[in-house]
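Me: I would like to learn how to read helix packing and strand pairing in a model. Could we go through it slowly, one feature at a time?

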Amino acid sequence: MGYYSKGLGFIVHLPCGGVNVAANRTSICPPAGGRTRGWSRHSASSNKFSVAERCSSAATLCIESMICPHAKIESALDRWSECHWHIHQMEASYHLPAPFRYSLNSFIRSVKEIPQLLKMELQNDPAFRNTYKPLIDSIRSNALLAKLSKQRDFIVHQGMLDVLSTGQIGTTEGRGAKIAFGFRIAPHESSDEAYERFKELCRSDKMFRGMAGPDCDSRPCIWREWKSQDFPDTELLELAISAWRLMGEVISRIVVLNGGEELDLTFSCRHDPERVKMKVFGQADFFLSVDGISLDA
Ligand SMILES: [Zn+2]
């Protein structure tokens, strides 16, 4: 993982190893074919290089005699990259309540440090008061970042997800199309645990199984969404990504003001939100374990 600079290529390289549990596949950021110059040298051991060294060898455009536009805000950039990694952890643990919340809180702890780091790193710059400080303070237009600027110790406790988070079991006949049957998932329950509970009910109640279970054309699935009462309008993964992006816009403008290239804020390595929220289970396993019917026979 790292951050892309438009035109410069990949600046810092740390493989984020984001795992999409819902789609049951593993992908490593940056995606294959991405601009990965210097990957081998700047892999996990890149900490021993300064940002200036990384820039000069990875992007080759920071001329040695010039001051690297990233060096000034090295700590803030590093924390921003860390936030990106935590977002992939949120994606990977979306169907596991506690790991999801822990990843969200890791994101929150990291992202709230960035404005402070930027101010520390830029406070002696002549442009600080009139340019950098107003720019850094503009992040308060994001609901999460505004909350963190007011309440420094804010984290998401278990009960905060109970009221507005939703989870349902149903069937799907292809991507997106799904039918729910009122079997609710508790916010503290993992999707796998809820699915086992659902199968048990289907085994004991044939009428319910007939209505709610899959047929030959459909597969059982679970879809859920995490919300906190503090941010009732936005799903929490989306909230984290929007905070990461706004933070990136501010950092990018600072880099540009220092003569660097814009950062790439597209987050092209993120996983499809609908696939993250939905976990699809095996049709054959359901028929065998609930109905005792082998589809292979
Ligand atoms: Zn990534």
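Reply: A crossing is left-handed if the near helix is turned anticlockwise from the far one by less than a right angle, and right-handed if clockwise. The crossing of α5 and α9 is right-handed; helices here are DSSP runs of H or I with at least four residues, strands are runs of E with at least two, and both are numbered from the N terminus. This is a predicted model, in which local features need pLDDT of at least 70, side-chain atom pairs count only at pLDDT 80 or more, and totals for chains, interfaces and linings use all residues. Residues are numbered from 1 along each chain as its sequence is written.

Me: At what angle do α5 and α9 pack, and how far apart are their axes?

Reply: Two packed helices are described by the angle between their axes and the distance between the axes. Helix α5 (residues 128-137) packs on helix α9 (residues 236-257) at about 165 degrees, with the axes 9 Å apart; axes are lines fitted to C-alpha atoms, for helices over the stretch in contact, and angles run from 0 to 180 degrees between N-to-C directions. The angle makes α5 roughly antiparallel to α9, a term for angles over 145 degrees.

Me: Which strands form the open sheet, and in what order?

Reply: Two strands pair if DSSP finds at least two bridges between them. The open sheet has four strands in the order β6-β5-β7-β8, with antiparallel pairing. Because β6 (178-184) and β8 (278-280) stand at the edges with a single partner strand each, one side of each has no neighbour in the sheet. Strand β5 (residues 166-172) pairs with β6 over five bridges in the antiparallel sense, and G170 stands opposite A180 in β6.

Note on methods:
Parallel < 35°, antiparallel > 145°, perpendicular 65-115°, else oblique.
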